[in-house]
Each structure stands twice: as C-alpha cells, then as structure tokens.
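Welcome! Please open the model in your viewer and get ready to select a few things along the way.

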Amino acid sequence: MANNSRSVKQQAKTVLSLVAALGKMTRTDKQFDDLLASLKTRRWNLCILVLVSLFFMELPMFVFSGAFAVPNIPHTCIAATSEGPTPEEHPSTSPTSASSDPANRTLGLAGDDESCSLPGGSSGSCTSWVFNNTVYGRTLTSEFQMVCDRKSLRGLYSSAYFIGGIFGSSLGGWLSDRFGRKKTMSLGIVGYQTTAIILPWLPILTPVFVLRFIMGFLHPCMVQSSFTLVMEVF
C-alpha cells in the first residue's frame with residue numbers, strides 16, 4: 001500500500017509539473033505574440049509569405065521542363081553527301097519547313113519514324129538527322145541531336161535535377177540550422193535564379209547537366225528553409 005501511495009504521488013507530481021510547464025509555454029507564446037504585435041511585424045510576416053509563395057510557383061516549370069526541353073521529336077536520318085540533303089538545307093530549327101516542303105515529307109518527317117540507320121540501305125550508323133520542329137520549335141533534342149545512341153541523354157536531363165535533389169534533401173536541413181533559415185533561403189534563391197538564367201545560353205551539353213544538378217541541389221535547401229521560416233514567423 002505504501003509503495004502504491006508513493007507511485008500515485010509521483011504520478012500526480014509529474015502531471016502537475018507538466019501542467020505548469022504548459023502554462024509557462026502558453027504565457028511565453030502569448031508574450032512572444034504580444035512582442036511581435038508591438039514591433040508591428042505583421043507586414044513583414046506577410047511579405048515573407050508572399051515572396052516565398054511566388055518563388056514556389058516558379059519551381060514546377062523547372063522541375064518538369066524536361067517534357068518541353070528534351071521531348072521525343074519525329075526525326076529522320078539524312079546522308080551528309082554532296083548529292084543528298086544536308087541539315088543546313090533542312091534546318092532543324094525551322095518551324096514550317098517540315099509541313100510545307102515536299103522534300104521534307106519524302107524524308108518521313110510527318111510521322112513518328114525514328115531512323116537510326118543511313119537511308120537507302122547503306123551500312124553504318126546515322127550521324128545526322130533532320131527534325132520536325134513544327135510543335136516544339138527549338139529544343140535540346142534537336143540542338144544536340146539526342147536521338148538513337150544519344151537518346152539516353154534526354155533522361156539524364158531530368159535525372160540530373162533529381163540526383164541533385166537527393167543530396168540537397170540530406171544537407172538542406174543542416175545548412176538552415178548551421179547558417180540560419182533566412183540566409184540559406186536567400187542565397188539558395190539567388191543561386192537558383194542565376195543558374196536558371198545561365199542554363200538556356202550554354203552551347204555545350206555537359207555544363208547543362210552540371211547546372212541542372214546544382215538547381216536540383218538548391219531546390220530542397222530552399223524549400224526546407226523557407227517553409228521552416230514561414231512557420232516560425234507565423
């Protein structure tokens with residue numbers, strides 16, 4: 001009986017201490033809210049929320065840009081000879097030639113043909129193609145000829161972003177705790193936007209994948225730090 005009474009008293013003390021702690025937390029929270037109100041930070045809080053929301057609206061266009069930057073475009077192999085057509089005569093960036101020029105129709109541009117061999121039954125692999133860009137216009141697929149043996153590069157364009165996201169997800173929380181939410185978010189946004197501006201102007205394919213990796217790395221760093229910052233200020 002004595003042991004039972006002692007355990008009941010201990011449990012009662014534990015419950016009372018928890019209630020007291022909750023009361024202190026409630027008073028502290030109210031004091032913190034009153035402090036923010038006295039500092040007139042409501043507009044600052046709203047500004048942070050609006051800016052973060054606007055940035056979040058931009059992310060999907062970069063995450064899913066692979067559907068438009070590296071699509072599977074109808075293309076046909078052409079022989080780069082003096083007698084046959086050349087890519088200069090049938091430019092891959094022309095949005096109208098594929099539908100209006102009869103010569104293009106003889107190359108099978110109107111269909112979904114994916115030719116990886118030389119025309120006319122010639123032996124060897126194709127090294128030059130003409131693309132039907134009537135739908136997509138200029139893309140990385142046609143600019144860097146990501147077809148046949150190089151078609152795996154289309155998947156690498158999106159994979160580079162998500163591989164970077166794996167590393168960014170692991171380090172994003174640590175960076176925001178180590179250097180602060182606001183600093184991590186601000187530097188991440190500046191770096192992300194700068195990379196996104198540089199990316200379309202690169203004339204070489206390898207730096208494109210490198211910048212896609214960097215953008216993927218910065219993505220979760222910004223999302224984690226900005227979400228935590230918004231929750232803390234509100």
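**The whole chain.** Keep in mind that this model is predicted. Colour it by secondary structure to find nine helices and two strands. Of the 234 residues, 35% are buried. Among contacts with a separation of 6 or more, 75% join residues 24 or more positions apart.

**The largest core.** Next, select Leu140, Met146, Tyr157, Tyr192, Leu205 and Met215: they have the most contacts inside the largest nonpolar core, which has 22 residues. Now show helices H2 (42-63), H7 (152-179), H8 (181-198) and H9 (205-233), the elements that each supply two or more residues to this core. Which of them gives the most? That is H9, with seven residues.

**Around Leu140.** Zoom in on Leu140 and look at what it touches: leaving aside residues up to four places away in sequence, these are Ala69, Val70, Gln145, Met146, Tyr157 and Val208.

**A second core.** Select Ile73, Cys126, Trp129 and Cys148, which are among the seven residues of a second, separate core.

**Out to the surface.** Select Leu46, Leu49, Val50, Leu51, Leu54, Met57 and Phe234 to see a nonpolar surface patch with about 710 Å² of accessible area together.

**Last stop.** Pick Leu51, in helix H2. Is Leu51 buried or exposed? Leu51 counts as exposed because its relative accessibility is 51%, and exposed means over 50%.

Key:
Residues are numbered from 1 along each chain as its sequence is written. This is a predicted model: local features need pLDDT of at least 70, side-chain atom pairs count only at pLDDT 80 or more; totals for chains, interfaces and linings use all residues. Side-chain values use heavy atoms; hydrogens and water are left out. A nonpolar core is a set of buried Ala, Val, Leu, Ile, Met, Phe, Trp, Tyr and Cys residues joined through side-chain atoms within 4.5 Å. Buried means under 20% relative accessible area, exposed over 50%, partly exposed in between (1.4 Å probe, protein chains only). Helices (H or I, at least four residues) and strands (E, at least two) are DSSP runs, numbered from the N terminus. Contact means heavy atoms within 4.5 Å. Patches are made of residues with over 30% relative accessible area and no salt bridge: like charges are joined within 9 Å, nonpolar side chains (Val, Leu, Ile, Met, Phe, Trp, Tyr) within 5 Å. Accessible areas come from the Shrake-Rupley method with a 1.4 Å probe; for residues, only the protein chains shown count as cover. A salt bridge is a side-chain nitrogen of Lys or Arg within 4 Å of a carboxyl oxygen of Asp or Glu.
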